[in-house]
Amino acid sequence: MKKRVLAILLTVVLVALLLPGCSKPTTAQGDITKDNIKVGFVHVSDPSDMGYTYNHDLGTKEMQKALGLRDDQIINKFNVAEGAACDTALRELLDAGCNIIFATSFGFEDYVLEIAQEYPDVQFCHATGYQAAGADLPNFHNYFASIYEARYLAGIAAGLKTETNKLGYVAAFPFAEVISGYTAFYLGAKSVNPKVTMEIMYTNSWNDPTVEAQVAKALIDKGCDVISQHSDSTAPATTAEENGVWQVGYNNDMISAAPNASLISARIDWGIYVTFAVQSVLAGKEIPVDWCAGLADGAVYLSPLNTAIAAPGTQEAIDEATKGILDGSLHVFAGPLNGKGSDFSGNPITIDVAAGEYFHEQEDASAPSWCYIIPGCTVLE
Amino acid sequence: MLDTTVALLVAAVLAGTPLLLGALGEILTERSGNLNLGVEGMMFMGAITGLIGSFFYEQAVIGAGLAPSGALSALIALLVSFLAGAFGALIYGFLTITLRANQNVTGLILTIFGTGFGNFFGEYFGLKAGGYIAVSKATKSAFAPINIPYLSDLPVVGKLFFSYNWMVYFAIALAIAMAWFFFKSRVGLNLRAVGEDPAAADAAGINVSRYRYFATVIGGGICGIGGMYMCMVTTSGVWVHGCVSGYGWLAVALVIFATWRPLRGMVLAVIFGGLMVMRMYISIPGLPAQIYEMVPYVITILVLVITSIRQSKEHAMPASCGLNYFREDR
């Protein structure tokens, strides 16, 4: 009897403790101001990756500082898998009363799209996606930066440095975002070193340091002496360092992780967009459906060159190419250029850019669309 | 071709070592009759504690204005990760040996607990350290490949046998020692008796509970060391969320594949490791990477099928593994 009473008592206490959690969240009705706005983020990893999420989180901090928001107005959901966990994370952010939510990984898009329809008063911004233009939802937006420009410039450092004329690329998925990135990187290397070739290997994950390290090691074993990456962590950099070859990073200045290997990194300044989007909500203005900026706006840039190990003349070559991109005389995907790829259903497709023309990458949409493998690049699978 | 083969073998050994350590811990545990499915959890616990152990040691030494010693830091990581894994196993042991809880359920809970433990403290200390936890160069170089003059420079042989970090040799020595312990020592014989038939062992005057506790706790500690390998070698001394990710389960599969024998485990760990990295070295055009990743598990299923068809007593699971011992049931 005593036990039963105790059990009932405990249950009552538990329910009593849970009830406040169920209460209707105080969604900001009326004006959204600097003091009551709440900004949510869903990340596939956490800043300890020292790569993609770290870099995006810097953008968050930039926005917080620029707009003067308090810490409790920013809610981060880290290490959210690209699956049902994303749905949960988004709903938790909505329960917490977020007015604008950024989802930063490609695989989140379907979940964000679904929830955006349910919550028309909340703004949803999804990085690297492509569905906003066709979705026709006023509160769902895509954003990205034309990272291919910075990758092209970073490729110059790799092309000048390589001794075996073989570059290795640790790539996440065979998606256009990744293919566009490594093609630009390769074209940059080739612009200064016509003999260079590149081998690409997929990890099939945005962030799996174990596999990234193993893939990097395999590429080095195949004779690649500059490793670059489209994956989130610094594992390719530290692997390159351990094996005495060089590396070109992504998202973050990786020199501190691999001082004798990392030459330069292609980076995105997410702060520009994040600040702009949050400001738009505060001002009651509409956020563009599709946002993309590049080198000219400072949305993509290069981390400082590691002059201690870079080939002589690298900085000059990069500066010259930068000038060309900025004044429009240099196009990354300039013809003559041909490549092969496959469309969504796996059918082979080809592209042939004639001399004097160029492929208009990320001009009509923020999502990269170059998905062709060009001669000189070999995908190992 | 030779170069590729050597490179593949070296990569296989490196990928196989954490599996071997996890499997050795689990072999010791299962030989005593405890089926601890919490290997993944204990590896996570060992991974994070080993890393923060080294990290705090370095911080303390640097704070005192001295240079940290890599060897000492590695030793601390080894000890702390062992203790953390042993602690996880102690929880398991208390629940199953003393309280006689269901072994499968307890093991699964330990996996969930350990994964959360690792990721929680990884993030917690990462935030405290201002972003992420990473050990300094001194510790990193302690986990770098060894370099023995002349031997390491030999063609092929030098690469194949003398180019690993110390933990690889540690794991090999442990496997050999464990094989000796099981099959050549008195205590090992007693332990096997406990795993096969605890009632008979009890009648022979062997303290079943004590043997099970010791085997489980030490086994858990070895699993913890396997986790520390993931953190220190595979991800180069940086905490990465979910870094053990499935290796613990592969280790459990390896135990079955190795038919509870340490030396067999040593060879098969290299094969498992090789299967995991094979796609990066040998490419079969048109074969998706996912197929390669399935292979270790498919092989485990095949081994299970074959051993159950053969019904060989010698290669079977210890007879009482998975069952709790009630003295009163005798």
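Colleague: Into which domains is chain A divided?

Modeller: Chain A is divided into domain 1, made of 32-146 + 270-297, and domain 2, made of 147-267 + 301-380, where the domain bounds come from an automatic or database domain assignment. Before we go on, please keep in mind that this is a predicted model, in which local features need pLDDT of at least 70 and side-chain atom pairs count only at pLDDT 80 or more, while totals for chains, interfaces and linings use all residues. Residues are numbered from 1 along each chain as its sequence is written, and chains are lettered from A and ligands numbered from 1 in the order in which they are written.

Colleague: And how many residues of the two domains of chain A are in contact?

Modeller: In chain A, 26 residues of domain 1 are in contact with 24 residues of domain 2, contact being counted if the C-beta atoms of two residues, placed from the backbone, lie within 7 Å. On the side of domain 1 of chain A that touches domain 2, the elements that give two or more residues are α2 (52-67), β5 (140-145) and β11 of chain A. Helices (H or I, at least four residues) and strands (E, at least two) are DSSP runs, numbered from the N terminus. That side of domain 1 of chain A divides into 14 nonpolar, 10 polar and 2 charged residues; here Ala, Val, Leu, Ile, Met, Phe, Trp, Tyr, Cys and Pro count as nonpolar, Asp, Glu, Lys and Arg as charged, and the others, Gly among them, as polar. The centres of the two domains of chain A, taken over C-alpha atoms, are separated by 27 Å.

Colleague: You mentioned strands; in what order do the 6 strands of the open sheet in chain A come?

Modeller: The order is β2-β1-β3-β4-β5-β11 in chain A, with parallel pairing, and two strands pair if DSSP finds at least two bridges between them. The edge strands, each of which pairs on one side only, are β2 (74-77) and β11 (290-293) of chain A.

Colleague: How many bridges join β3 to β4 in chain A?

Modeller: There are 4 bridges between strand β3 (residues 100-103) and strand β4 (residues 123-127) of chain A, and Ile101(A) stands opposite Phe124(A) in β4(A).

Colleague: Switching to helices, at what angle do the axes of α3 and α4 of chain A cross?

Modeller: The axes of helix α3 (residues 84-95) and helix α4 (residues 109-118) of chain A cross at roughly 40° and come within 9 Å; axes are lines fitted to C-alpha atoms, for helices over the stretch in contact, and angles run from 0 to 180 degrees between N-to-C directions. That makes α3(A) oblique to α4(A), since angles under 35 degrees count as roughly parallel, over 145 as roughly antiparallel, 65 to 115 as roughly perpendicular and the rest as oblique.

Colleague: Which residues meet there, between α3(A) and α4(A)?

Modeller: Cys86(A), Asp87(A) and Leu90(A) in α3(A) meet Tyr111(A), Val112(A) and Ile115(A) in α4(A). By class, this contact of α3(A) with α4(A) has 5 nonpolar residues, 1 charged residue and no polar ones.

Colleague: Last topic: how many residues of chain A are in contact with chain B?

Modeller: Here 23 residues of chain A are in contact with 20 residues of chain B. On the side of chain A that touches chain B, α8(A) gives the most, with 8 residues.
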